[in-house]
Amino acid sequence: MPICVGATAMQRMAHPDGETATARACSGAGTGMMLSSWATSTIEEVMSAMTSAVDGTTILWLQLYIYKDRKLTLSLVHRAEEAGYKAIFLTVDTPYLGRRRDDVRNHFKLPPHLSMSNFSSAKLAFSEGDYGHDSGLAVYVARAIDPSLCWEHVTWLKKHTRLPVIVKGILSGEDAIQAVNHGVDGILVSNHGARQLDGVPATLDVLEEVVEAVQGRCEVYVDGGIRRGSDVLKALALGANAVFLGRPVLWGLACQGQQGVSEVLELLRDELRLAMALAGCRSIEEVTRSVVRRAEVPSRM
């Protein structure tokens, strides 16, 4: 199924079972899940939850930030390797956290009973008591994440892992070419839920540019704004190998836990099948660029 679950952090804020419920739902649906480094369940717990599902699929990937502490960064990678994860998705659009005004206004931080479970210290687990009058997450990122993020970090990561490395956060053909020239195994076209930089383009609007730039040298995926099966069809027609869901999964998780996520995935699968049938496509292979048209909207000024 070309509908996968993207990395969304701190899922136990939505439901007590958090990422483990999402993993079981993905396994039952036969699709993959990208686990956030900032999960409220450990790398090992989520793999255990996915493998415990009866007659399920085990496809887990780890989303990764480059920490100032390189040993810490690699410890996450090595834990993912040992646990059986299939790839590393390196987020490249967050040298700093974007100005999320609601988080600043709310002085966002995790509730006391939760932490980023992949880290042992309170400082790294985002469980310190006081972050001042700013967004706690913005303070965390400024303290822990390396702001000097550059293409050499991709090369460094490739040298230290046997897993495929996909870069997450590409929005232009120029950057896509840089990525493949630095040896990436895939590209995820993403604008981080449009929460990093105001005014960035919608991912669907730049997807075709990225696909054309890489010229088949790596697979291309897309996230952001996928709400219906017809959205999936559009992405596939524009060259994506698969799409990743974010917010809809959290809505299902918050509503009904594992069952809610399962229903979201089944709904999207059914809608994609219907959209394909109505577009005259009997299989994913028959979905081509001819399925979509770009509407020319004249200016009203």
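What is the volume of the largest pocket? The largest pocket has a volume of about 850 Å³. The structure is a predicted model, in which local features need pLDDT of at least 70 and side-chain atom pairs count only at pLDDT 80 or more, while totals for chains, interfaces and linings use all residues. Residues are numbered from 1 along each chain as its sequence is written, and side-chain values use heavy atoms, with hydrogens and water left out.

**Pockets**
- A pocket is an open set of points on a 1 Å grid over the protein atoms alone, where a 1.4 Å probe fits, with protein on both sides within 12 Å along at least five of seven lines; lining residues have an atom within 4 Å of a point.
- Of the 36 residues lining the largest pocket, Ala7, Thr8, Ala9, Arg195 and Leu250 are the closest to its centre.
- Helix H10 contributes the most to this lining, with five residues.
- The lining of the largest pocket comprises 18 nonpolar, 11 polar and seven charged residues.
- The second largest pocket holds about 180 Å³ of space, and its lining has four nonpolar, no polar and five charged residues.

**Cysteines**
- The count of disulfides (cysteine sulfur atoms within 2.5 Å) is zero.
- Cys281 is in no disulfide, and the nearest cysteine sulfur, that of Cys4, is 19 Å away.
- Cys281 is buried, at 7% relative accessible area.

Technical notes: Buried means under 20% relative accessible area, exposed over 50%, partly exposed in between (1.4 Å probe, protein chains only). Grid points are joined across faces, edges and corners, and a volume is the space filled by probe spheres set on the points. Helices (H or I, at least four residues) and strands (E, at least two) are DSSP runs, numbered from the N terminus. Ala, Val, Leu, Ile, Met, Phe, Trp, Tyr, Cys and Pro count as nonpolar, Asp, Glu, Lys and Arg as charged, and the others, Gly among them, as polar.
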